[in-house]
Amino acid sequence: MKKTIVREYKLPSSCIKGKQELTIAFLTDLHDQVTGEDGERIFHLLKEQEPDLVLVGGDVIVGKKGCDTSKAVAFLKRLSDNYPVFYASGNHEQRISEHPEIYGEIGKNYETALKELSLIRLRNQKVQLKKKGIPITVYGLEPEEQFYDKGFRKDGMVKELKKHFGTPDTDRLTILLAHNPRYKKEYLSWGASMTFSGHYHGGVMMLGKRRGAIAPDFRIFPGECGGMHQKNGCVVIVSAGLGEHTIPVRIHNPRELTIVRISALQNEKMPVK
């Protein structure tokens, strides 16, 4: 079993008062690594961290012809039976749903199975809730497929966000699940309190806290393979993920369960809106 760590961030927010604290767990890029010791390790770590919310950032499955999604569904059932779960797509979920000419009924059947679970599925949708009295909005982005294309960055990500969600809710803790970290500047510009991304699997080999060796779009030494990125009171947190595929190698780059603990604003700390 590959090494798995808990990477923890502590952030202040004006939406939280007094001594209250909100704990968020972020799971992404499991790629079917959800059974046996791999799955048990994840649940053990979650039990230790006691999250109030669990966010799933996509690529729970490996989207390929004839893929079996039953392991993912079983994992998500157990997860949502124990925690409030909010699940947005990665490129693997998106492609099996958008291309039945390639994947047949797999995508449709997967989404049907998820509807039987107690999780909240977010496909260009948002949900408002309160946890511990804290007003929260969670957005789940499923952008046009061009935003996963290899090569040059595509224009229009902020427009894409506004098309689906308008502008972020005010006076609430706003959380965007956006799988591809390449557009972190656009996420920060759009202005959710915090955005969670994955997709890059830590870039095979991590070079410091943010930079990896190579991204899935074949860029060398990309600077958004991990860590936290901040601007104007907004943050993007990129997880190295809990699985891998295609290049199943990790060097100085353990699998990662991301934990964010959010507390009341302190004067000396940079706030999250």
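1. Helix H1 spans residues 36-49, and its 14 residues reach 20 Å from first to last C-alpha, close to the 20 Å expected at 1.5 Å a residue; the expected span is 1.5 Å times one less than the number of residues. Helices (H or I, at least four residues) and strands (E, at least two) are DSSP runs, numbered from the N terminus. The model is predicted: local features need pLDDT of at least 70, side-chain atom pairs count only at pLDDT 80 or more, and totals for chains, interfaces and linings use all residues. Residues are numbered from 1 along each chain as its sequence is written, and side-chain values use heavy atoms, with hydrogens and water left out.

2. Asp38, Gly39, Ile42, Phe43, Leu45, Leu46 and Gln49 are the buried residues of H1. They lie on the same side of H1 because they cover an arc of only 160 degrees around the axis, taken from the directions from the helix axis to the C-beta atoms. Gly36, Glu37 and Lys47, on the other side, are exposed. Buried means under 20% relative accessible area, exposed over 50%, and partly exposed in between (1.4 Å probe, protein chains only).

3. Strands E1 (4-13), E2 (21-27), E3 (53-56) and E14 (255-264), together with helix H2 (70-82), pack against the buried residues of H1; contact means heavy atoms within 4.5 Å.

4. Just after H1, glutamate 50 adopts a positive phi of about 50 degrees.
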